[in-house]
Amino acid sequence: MRGVIFLGERKLQLAEFPDPAPGPDEVIVEIKASGMCGSDLKFYRATGGTSSLGLGTVTGRVIAGHEPCGIVSAVGAGVGERAARLGTRVMVHHYSGCGHCRHCLTGWSQMCLGGSIVYGVTGHGAHARYMKVPAHTLVPLPDELSFATGAAISCGTGTAYGALRRMNLTGGDTIAVVGQGPVGLSATQLAAAMGARVIALDVSAERLGRAKDFGADAVIDPTTDDPVGAIKALTRGLGADMSLDTSGASEGRLTAVRGTRAWGVVCFVGEGGSVTLDVSPDLLRKQLTIIGSWTFSKVVQADCARFVVDRAIAVDHLFTHRWQLAQADEAYRLFDRQTSGKGVFLME
Ligand SMILES: [Zn+2]
Ligand SMILES: [Zn+2]
C-alpha cells in the first residue's frame, strides 16, 4: 500500500509500505476516511525533519494522518469478539499507552505515564489504505454517522467537544471562539448546538462567512476591528462569559483572556507557541480561570459521536475538500494557506 509521509519544509511523499498484518492484540482498520487536522500543518511545515510538538521521538518514516475512520478488516488471534469484529465501523482513539496506568485506565492513553504512541505522528497513521492498531484504541462509529464525520470526531471536532465539556459551557453563556479553522468552526457549531451564543473571530473573511453558516451569532475580524473592544461591545461592556482559543497565536490567546469577563473561563486548545500575560489586570483582578485542554479521552470521543447523532449536527459540512491519497501534495498545499475549510482523504 502507499502512505503519505511528511518530509518537512512543506514537502510530502507517497511512499510504498507493506500491507500490515495484525499481532495478537491488534486489528487492521481498512481506512475509509482520513481527516486533515490543523496540527498536521506543524509537521508538514517543520524545518529540519518532522518535529513532534513534545510528542516523543520520531524514528524512520511514519505514515501521517491522525483522524482515522474505517472498517475492521482483520483481527489478531488474541482479540475477543467484544473488542472487535470483522466489518465493524470504527473510529480510532489515535493514541496507545501501557493500558494499565491511571491515565490509560481512564481512557487518557495520550497521557500514559510510560509514554504513548501518537498515530500519524510517532506511529503509522491513517493516510493509507490500512492502519494497524491495538484493539483497545477502537471507538464505535454510530450507524447514523458517515466515515468523514467519524474522521473529524477522531481529532478536530472531538477536541472542540472535549474543550467545551471541560469549560462546562451552558446555554446561558456567551462564548468567544478565537480562530475558525477546523477546530474553531467545530467549536462554533457544537457550542451553538449546546444553546450558547457564539462570537466567532478569524482573520479570514471566508472562514467568518462559514462561521455564520455554522451558527455564530456575531463575527469579528481582528485585523479590521479591535477584537477585545468588539467582544465587549457585544456583551454590554462585560466581555464574554467564556472564550476558547483555537488559533495558538499569542495575539489570539490575549484576545481570549482580555475579552473574557470577570469570573469567566478561558480555554486554550491551539498547539505550540507562547503567550505573555499582564498577570494582575489580565488574571487576578478578574478572578479568571484559564484551562488547557488536550484532545479528549476515548470515553469523550464516544460521547461526542453520540452528541452529534442526538442533535443531528451536520459535521460533514466542515469538509470543503474531499481528496484521493494521490492528491496529497495539492491537498496539503491548499490547507497550508489556512483560509479554506477542512479536507479529508476518502479511500475508494
Ligand atoms: Zn499508561
Ligand atoms: Zn489533530
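**Exercise 1. Which residues lie nearest the centre of the largest pocket, and how many line it?**

Solution. Step 1: find the centre. Thr-246, Ser-247, Gly-248, Gly-270 and Gln-338 lie nearest to it, out of 49 lining residues. The model is predicted: local features need pLDDT of at least 70, side-chain atom pairs count only at pLDDT 80 or more, and totals for chains, interfaces and linings use all residues. Residues are numbered from 1 along each chain as its sequence is written, ligands are numbered from 1 and chains lettered from A in the order in which they are written, and side-chain values use heavy atoms, with hydrogens and water left out.

Here a pocket is an open set of points on a 1 Å grid over the protein atoms alone, where a 1.4 Å probe fits, with protein on both sides within 12 Å along at least five of seven lines; lining residues have an atom within 4 Å of a point.

Step 2: take the volume, the space filled by probe spheres set on the points. The largest pocket holds about 1100 Å³.

Step 3: trace the lining to helices (DSSP runs of H or I, at least four residues; strands are runs of E, at least two). At least two residues each come from α1, α4 (156-166), α5 (182-193) and α8 (250-258). α1 gives the largest share, four residues.

**Exercise 2. Which residues are closest to the centre of the second largest pocket?**

Solution. Step 1: the volume of the second largest pocket is about 220 Å³. Step 2: Pro-20, His-124, Met-131, Lys-132 and Val-133 are the closest to its centre, among 16 lining residues. Step 3: strand β8 (residues 130-134) supplies the largest share of this lining, five residues.

**Exercise 3. Which protein atoms are donors of the zinc ion (ligand 2)?**

Solution. Step 1: list the donors (N, O and S atoms within 2.8 Å of the metal, or 3.2 Å for Na, K and Ca; water is not among the atoms, so sites may look incomplete). They are Cys-37 (SG), His-66 (NE2) and Cys-155 (SG), 2.0 to 2.2 Å from the zinc ion. Step 2: read their spacing, C-x28-H-x88-C. Cys-37 sits in the loop between β3 (26-35) and α1 (40-45), and His-66 in the loop between α1 and β4 (68-75), 29 residues apart. Step 3: check burial (buried is under 20% relative accessible area, exposed over 50%, partly exposed in between; 1.4 Å probe, protein chains only). Cys-37 is buried at 4%. His-66 is buried at 3%.

**Exercise 4. Why is α4 largely enclosed by the rest of the structure?**

Solution. Step 1: count. α4 is largely enclosed because nine of its eleven residues are buried. Step 2: name some. Among them are Gly-156, Tyr-161 and Leu-164. Step 3: look past the helix. Asn-168 follows α4, with a positive phi near 55°.
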